[in-house]
Amino acid sequence: MLPWKRALRPLAALLLAVAAAVVPAATATATADASGTAATSSGWNDYTCKPSAAHPRPVVLVHGTFGNSVDNWLGLAPYLTSRGYCVYSLDYGRLPGVPLFHGLGPIDKSAGQLSAFVDKVLAATGAAEADLVGHSQGGMMPRYYLKFLGGAAKVHSLVGIAPDNHGTDLNGLTNLLPYFPGAEDLLDAATPGLADQIAGSGFLTKLNAGGDTVPGVRYTVIATKYDEVVTPWRTQYLSGSDVRNVLLQDLCPLDLSEHLAIGLFDRIAFHEVANALDPAHATPTTCASALG
């Protein structure tokens with residue numbers, strides 16, 4: 001085995017260990033069924049839920065890389081259900097033999113899984129459109145669904161929390177890949193979902209060609225300047241006619257959330273998600289929103 005391959009294996013193990021440490025364990029009241037749908041007793045993924053006049057669209061939560069339909073949303077899902085939303089989440093991008101850590105498969109195929117899930121939610125709720133809220137890859141991947149798979153006709157709003165809309169250079173680390181012969185091929189073969197997210201990938205080139213957005217969908221991006229995963233953080237922003245780009249620290253300069261915290265438990269970010277889902281009743285997001 002080549003020396004660089006031996007080095008990559010412990011690095012991969014380290015990444016998985018870090019992911020396991022920072023992502024909360026699934027609770028006893030939350031499990032995933034065979035279709036990839038989280039079944040919970042906390043009010044989300046309740047297929048008897050009917051959207052109200054106040055919140056007429058179901059909300060579909062799309063987890064990030066190494067995430068899943070439960071652990072990524074133990075903070076935001078209850079936050080939204082307690083405010084009267086019908087909330088659903090899915091697992092996508094699973095690799096054979098890899099439990100819990102999802103979002104690793106080819107992203108165009110993951111977008112197809114999202115398409116099928118949205119159809120399922122719309123059929124169950126009777127709604128004409130859904131709203132999507134995604135963290136990291138989950139904020140970027142739905143754009144493929146909207147642009148290429150007919151999702152624009154079924155989605156009213158997309159809210160991306162720290163989305164890698166134009167890829168990431170991982171603070172320059174991806175620039176080192178050419179110096180390790182075969183490393184890019186190995187990454188693409190083993191975890192295509194990761195390879196697709198590298199800035200300049202073929203997937204991202206296709207996704208962003210001709211503009212970031214599609215007509216008829218409202219876009220919100222919520223970013224943090226302390227993001228250490230999607231870098232440079234400004235590449236998260238979208239350009240388009242119906243886009244709102246938000247920097248968390250413009251709302252609360254004291255907020256130190258980085259890439260994981262902004263999606264997992266930052267209630268200031270959650271408040272801004274709620275504003276994006278219901279702009280007609282939005283209230284100012286400030287540091288005090290952390291107590292809301």
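Tutor: A polar contact here is a pair of N or O atoms within 3.5 Å, one able to donate a hydrogen and the other to accept it. Keep in mind that this is a predicted model.

Student: So what makes the backbone nitrogen of Ile268 and the side chain of Asp266 a polar contact?

Tutor: The backbone nitrogen of Ile268 lies 2.8 Å from a polar atom of that side chain, and the cut-off is 3.5 Å, so the pair counts.

Student: Where does Asp266 sit?

Tutor: In the loop between α10 (259-264) and α11 (267-277).

Student: Why is Asp266 said to have no salt bridge?

Tutor: The nearest side chain of opposite charge, Arg267, is 8.4 Å away. A salt bridge needs 4 Å or less, so Asp266 has none, and yet Asp266 is buried.

Student: On to the largest nonpolar core. Which residues touch the most other members?

Tutor: Val60, Leu114, Leu132, Tyr145 and Leu146, out of 32 residues. Elements supplying at least two residues each include β3 (59-62), α3 (107-125) and β5 (130-135). α3 gives the largest share, seven residues.

Student: What does Tyr145 touch, leaving out residues up to four places away in sequence?

Tutor: Among them are Ala111, Leu114, Val118, Leu132 and Val155.

Student: And what makes Trp44 and Ile262 part of another core?

Tutor: They belong to a second, separate core of 26 residues, which also includes Trp73 and Ile222. Members of a core are buried and joined through side-chain atoms within 4.5 Å, so that is what membership says about Trp44 and Ile262.

Conventions: Residues numbered from 1 in each chain as written. Predicted model: local features only at pLDDT ≥ 70, side-chain atom pairs only at ≥ 80, totals over all residues. Heavy atoms only, no water. Helix = DSSP H or I, 4+ residues; strand = E, 2+ residues; numbered from the N terminus. Buried < 20%, exposed > 50% of the residue type's maximum accessible area, 1.4 Å probe, protein only. Lys, Arg positive; Asp, Glu negative; His and termini not counted. Contact = heavy atoms within 4.5 Å.
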